[in-house]
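Please look at the sequence and the model first.

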Amino acid sequence: MERRTLFQGWKLPVALVLPQLLLTFVFFLWPAGQAVWYSMTQQDPFGLGSVFVGLSNFRELFADPLYVHTILRTLVFCFAVSALAMTVALALALVANRELRGRAIYRTLLIWPYAVAPAMAAILWLFMLDPEIGLLGHPLVKAGLPWDYHVSGLDAQFLVVLASSWKQISYNFIFFLAGLQSIPQSVIEAARMDGARGWRRLRTIILPLLSPTMFFLLVVNLVYAAFDTFGTIWALTEGGPGKATETLVIKVYRDGMINQDIGGSSAQSVVLMLGVIAITAVQFRFMGRRTKT
Amino acid sequence: MKRRTLLAGSAALAATATPLVASIPAEAAGPTKIVLWHAMTALLADSLNTLCTRFNAAQTAYVVTPVYKGGYPDVMTATIAAFRAGQAPHIAQIFEVGTGSMLAAGKAIKEVWQLSKETGVKLDPKNYIPSVRGYYGLADGRMAGMPFNSSTAVMWYSKDAFEKAGLDPEKPPATWPEVVAAARAIKEKNAADIPMITSWPSWIQFEQYSALHNIPFASEADGFDGLGAKLEVNSKAHVKHVQRLLDMSKEGTFKYAGRDNIPDPLLVGGKAGIAFNSSGMRGDLTKSAKFKWGEAYLPYDPAIIKTPLNSIIGGAALWSMTAPHRTEAEYKGVAEFFAFLAQPQNDAFWHQKTGYVPVTLAGFAESQKDGFYKANPGADLPVKQLERGHVTKYSRGLRLGRLPEIRNIIEEELEKALQGQQNAQTAMDNAVERSNKVLRAFQRAVKA
């Protein structure tokens, strides 16, 4: 069924839409347009001179093997964070969905990390896992575990994935729990009567019914890992050691804010923007199809 | 979801594209307002505020308002953005590695000599400690940035650890071979958790190291003679030092504990036997360290130089910024404020309160006279290290664009070498190659 409200004339509709359009223009179109323009210029930081250089910033970017490595690293990072955050959240949601004593407390506690600011989350992990001053890290190192994220790239990657996923688990948990609760009890009971238990019931009944939630969460998690982990990574490793934990957003920040390479950094922003547009387009397509069926 | 994605995207864009619009109080009748953007926190901010209050009380023509703008990179970014919007503050505190970029900023800044000439306020380079003014000056000696908060690198060590290791706590190692031997003794006797660490790896182990040994960090006299400078940290002397650090890391006598000031807590917590760090750590150590610590000169390699030269500074300088419609009175106020900071009692106040070195010779003399060094033995060591020898073209400082990025590159390549991915020579060759690309990009951008 289609609902339609008809307005007389055009002034009122325009007036109603205008604030939204203005916001979109000022906070999205204008800066985005500026970034696109800057990405095709070469300029000194102070903006005293600016030369149009066409696509040469982009050519330089993709000719740089370090940038290509950063793209691949970011992809691996995003999928690692999403996989870890979603698996753990699902496991927790499955447990929380059962009849448990003190279930409300358990659920509330699980939601807390979402409220922790990214940089603070990083500091918490640092206090736990730092090889010299960490509550957990120091004893482990003393016990002979070769753990040092200041030097080992792998250790650093492990750490940022861990800290970033931890922040996102709460969010996923809420959605998984809601998803689980929306599965009709009758379906579960029917499966039970057919003798499907444990893993089999999870695999054949629950997971397929959860798949819309999972797909939605996957997209959200990928975007989270790509963009919202900046604070965590920056506070933990600043992208190092070497370039082991440098994601695209870290590189944009470093090149733009610290290195004052306006053209190059804007070109990276434009690449990121295209990435976001692609993800959003894919999501609309799939989500749209799902709601139709 | 859609909004979230868009916001995330635009946030990333905004990070680079949207100028932070700075607001500066509108002109009003009465004293001329001078705005100073700085990066000082806690005790440092209090001391700066005190100086401004004193200046405001000492005369009626100008009022200086200090505004905290975040860390050093934030102040620089904000200043640049504000300039682009025609709203630059009168004075910006810019860290030493931003000097190259500031000097390339052309009409955005008014260099100190120019400011002095136009306003008639005397700001004589001869009053300033040579290695301090050299860093912020032009090749011919004229001053560009106004030296303000300067520190240098020193070697801190734990007297407790030295005693435990059977070393003389009153006789710290002076050369690198002695440092290596001391670190070994500390490790053998288990006298400290970590025998040796370094903060600011690039600043201390490369930039200071080059100055001390009178070897070029970059061509064109470390960049002073032109924008065409190329990095030269892959020289034999540099590679030898990197190899030494790699060897020490392998045998467990040196521990790489991160970039910038990340290793600081290890020093203050007394975990390290020897710690290379800024002379500005004195305040923290006095306040929080629960062990007996000592301060020593940076070690040198006797195979490269017989008597080491002066070390170079770190910290920041004050820059006079331009803006459309800025009046002569405003520039005069900036110059008067600079002159005020250089008065011996003010310079000595700043030095004694904060732990930065005095930037003027008179400020140093004043601190000697009032007994500050008697009450705080060793507090003059950084000044002596800055003052020793004579400043050469390789010990004057660095004049390279995008130096923060170059520091980062050097540290990245060093880290990869420490991971065993490459040897010392390859690491430094890579660092030079990557840095030269950055230097060329800077050169192109400036000429644009």
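This is a predicted model: local features need pLDDT of at least 70, side-chain atom pairs count only at pLDDT 80 or more; totals for chains, interfaces and linings use all residues.

## Overall build of chain B

Chain B contains 20 helices and nine strands. Its radius of gyration is 22 Å, close to the 22 Å that the globule rule gives for 448 residues, so chain B is as compact as a globular protein of that length. Along the principal axes, the C-alpha atoms of chain B fill a box of roughly 70 × 60 × 50 Å.

Of the 448 residues in chain B, 54% are buried. Among contacts in chain B between residues at least 6 apart in sequence, those that join residues at least 24 apart make up 76%.

## Two domains

Chain B is divided into domain 1 (8-150 + 313-387) and domain 2 (152-312 + 400-447). Their C-alpha centres lie 28 Å apart. Where the two domains of chain B touch, domain 1 gives 20 residues and domain 2 gives 24 residues.

On the domain 1 side, two or more residues each come from helix H4 (99-103), helix H6 (130-135), strand S9 (313-321) and helix H18 (381-387) of chain B. H18(B) supplies the largest share, five residues. By class, this side has twelve nonpolar, seven polar and one charged residues.

## Contact with chain A

The contact between the chains takes 46 residues from chain B and 50 residues from chain A. On the chain B side, the elements that give two or more residues include helix H1 (2-17), helix H19 (403-418) and helix H20 (424-447) of chain B. The largest share, twelve residues, comes from H1(B). By class, the chain B side has 24 nonpolar, eleven polar and eleven charged residues.

Note on methods. Residues are numbered from 1 along each chain as its sequence is written. Chains are lettered from A and ligands numbered from 1 in the order in which they are written. Helices (H or I, at least four residues) and strands (E, at least two) are DSSP runs, numbered from the N terminus. The radius of gyration is taken over C-alpha atoms; the globule rule is 2.2 Å times the number of residues to the power 0.38. A residue is buried if 20 or more other C-beta atoms lie within 10 Å of its own, exposed if 12 or fewer, and partly exposed in between; C-beta atoms are placed from the backbone. Two residues are in contact if their C-beta atoms, placed from the backbone, lie within 7 Å. Ala, Val, Leu, Ile, Met, Phe, Trp, Tyr, Cys and Pro count as nonpolar, Asp, Glu, Lys and Arg as charged, and the others, Gly among them, as polar. Domain bounds come from an automatic or database domain assignment.
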